[in-house]
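Here is a short report on one protein chain. It moves from the surface to a pocket, then to a pair of rings.

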Amino acid sequence: MTNPTELETQIELKTLRVRRQGPVLAIELNTPDQGNAVTDTMLEDLQSVLDRQEPHIQVVVLTGAGGDFCLGGDRSEYAAHLSRDPSGSGVRASGHRARRVCDSLTGNPAVTIARIHGKAIGAGVALALACDLRVSTDTATFRLPELALGLPTAWGGLLSRFISEAGAARARELILTGRSFDAEEALSLSLLQRVVPPSELDTAVETWIKPIIRRPATALRITKAMLNSYAAASRLTDSSALDPELMAAAVIETRRARRLPN
């Protein structure tokens, strides 16, 4: 990942494998049997790692174990939340966790890189879009299926980031149809900056890491803050702070409708 002589440390959490080598922090979603589906526990683990990130870290790499980057949110948790509290407080709390994690990636003082392979669905797309740089294999696929599931595209500020990168017209088509799209299309929409064969994925990430960690830390941090500031200026009407409320309302209504007699 970086100079092999630099001290490497690894920690295992319930849902993550975390490795630090010099100024590079690698975070791997590590529930491959569930397709790295995002749960409340995973969000808590991610937030904990990002909150404890050491000041000298200059690059954060986010990836997934197994065959897929991330198959989206764990919808079974929504049902469990509603069983405990039909008012949707648990769904709202989960939505706030998602928003904090995505904001922590976007606002991270280090450069964040999404290393994508296999499938990236729903929340997986949101986590990737929260990163500064995104590279995938040429066999990766992407999908936003929320509407077909009776849910709004309201997870972690996904919609505003998606529109900002891909443009409103293309975002509208992909969200309303929920169709799968491949890496080349994602590249053409600026959802990715690079697409490579699977065998070259690590090399592509390293190609970004090497020049970044040579940059003066203060200048790098300020430049990233400036880039975020100018990007935010194009999203002045960003209403994604409402995402948790919208998600909770939709989950409650969808569940109620499915219980109605035909």
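The protein chain exposes about 12,500 Å². Carbon and sulfur atoms supply 55% of that area. The model is a predicted one. Of the 262 residues in the chain, 49% are buried.

Ten helices and ten strands make up the listed elements of the chain. Take the contacts between residues at least 6 apart in sequence: 70% of them join residues at least 24 apart.

The largest pocket holds about 500 Å³ of space. Strand 7 (133–137), helix 5 (158–166) and helix 9 (217–233) each give two or more residues to its lining. Helix 9 gives the largest share, eight residues. The lining has 23 residues in total, and Cys131, Asp132, Lys224, Leu227 and Asn228 lie nearest the pocket's centre. By type, the lining residues divide into ten nonpolar, six polar and seven charged.

Now the rings. The count of aromatic pairs comes to one. Phe142 and Phe181 form this pair, and it is stacked. The ring centres are 5.7 Å apart, with 20 degrees between the planes. Phe142 lies in strand 8 and Phe181 in strand 9, so the pair ties together parts that are 39 residues apart in sequence.

How accessible are the two partners, Phe142 and Phe181? Both values fall under the 20% cut-off for buried.

| Residue | Relative accessible area |
|---|---|
| Phe142 | 6%, buried |
| Phe181 | 3%, buried |

Notes. Residues numbered from 1 in each chain as written. Predicted model: local features only at pLDDT ≥ 70, side-chain atom pairs only at ≥ 80, totals over all residues. Heavy atoms only, no water. Helix = DSSP H or I, 4+ residues; strand = E, 2+ residues; numbered from the N terminus. Buried < 20%, exposed > 50% of the residue type's maximum accessible area, 1.4 Å probe, protein only. Contact = heavy atoms within 4.5 Å. Areas by Shrake-Rupley, 256 points an atom, 1.4 Å probe, with all protein chains shown as cover. 1 Å grid on protein atoms, 1.4 Å probe; cavity = no way out; pocket = protein on both sides within 12 Å on 5 of 7 lines; lining within 4 Å. Points joined across faces, edges and corners; volume = space filled by probe spheres on them. Nonpolar A, V, L, I, M, F, W, Y, C, P; charged D, E, K, R; others polar. Phe/Tyr/Trp six-rings, centres within 6.5 Å; stacked < 30°, edge-to-face > 60°.
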